[in-house]
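Here is a quick tour of one structure, strand by strand and residue by residue. Keep the viewer open while you read.

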Amino acid sequence: MGSSAITVGFDGNPDEDANGVVTGYTIYYQPIGGLPRNRNTLKMNISSSSRTVTLTGLEENVVYRIWMTVNDLFGEGPISRPITVRTEAGKLFYSFLPFL
């Protein structure tokens, strides 16, 4: 089985004055279903200037749940609404991740 990738895009924090300056974002992703080992939640921290992230090394033909938080000087904020995306062999997907 090969690997696949998903590129996720998002806008900046919709509530710009919430707890001050945005310091970064944390993207969480988790395969849905499958073997118990696939239940692990993975995360990627990205800079505050990034508006897209590519999740690589994903399993083919697997549905992933993806969500994010906005980080500021006080830590992580509330989680976004999750999206679900199914990977396919040889295809790069682009999905938009909504905030609350």
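## The nonpolar core

The largest nonpolar core has 18 residues, and the members touching the most others are I6, Y25, I27, L55, Y64 and I66. Two or more residues each come from β1 (3-9), β2 (22-31), β4 (52-59), β5 (63-72) and β7 (83-86). A nonpolar core here is a set of buried Ala, Val, Leu, Ile, Met, Phe, Trp, Tyr and Cys residues joined through side-chain atoms within 4.5 Å. Buried means under 20% relative accessible area, exposed over 50%, and partly exposed in between (1.4 Å probe, protein chains only). Strands are DSSP runs of E with at least two residues, numbered from the N terminus.

This is a predicted model: local features need pLDDT of at least 70, side-chain atom pairs count only at pLDDT 80 or more, and totals for chains, interfaces and linings use all residues. Residues are numbered from 1 along each chain as its sequence is written, and side-chain values use heavy atoms, with hydrogens and water left out.

## Strand β2 and its partners

β2 is largely enclosed by the rest of the structure, because 9 of its 10 residues are buried. On the pairing side, β2 runs antiparallel to β5, with 9 bridges joining them; strands count as paired if DSSP finds at least two bridges between them. V22 sits opposite D72 in β5.

β2 also pairs with β3 (residues 42-47), again in the antiparallel sense, over 6 bridges. Here Y29 stands opposite L42.

## T26, inside β2

T26 lies in β2 and is buried, at 2% relative accessible area. What does the T26 side chain make a polar contact with? The partner is the side chain of N71, at 2.9 Å. A polar contact is a pair of N or O atoms within 3.5 Å; within protein, one must be able to donate a hydrogen and the other to accept it, and residues adjacent in sequence count only if both atoms are side-chain atoms.

Setting aside neighbours within four places in sequence, T26 is in contact (heavy atoms within 4.5 Å) with residues including K43, M44, W67 and E76.

## V53, in β4

V53 belongs to β4 and counts as buried, at 6% relative accessibility. Its C-alpha atom is 5.4 Å from that of V8, 45 residues apart along the chain. Not counting residues up to four places away, V53 touches I6, T7, V8, I27, M44 and I46.

## N61, in a loop

N61 lies in the loop between β4 and β5 and is partly exposed, at 48% relative accessible area. Most residues other than glycine have a negative phi. N61 is not a glycine, yet has a positive phi of about 55°.

Methods:
Helix = DSSP H or I, 4+ residues; strand = E, 2+ residues; numbered from the N terminus.
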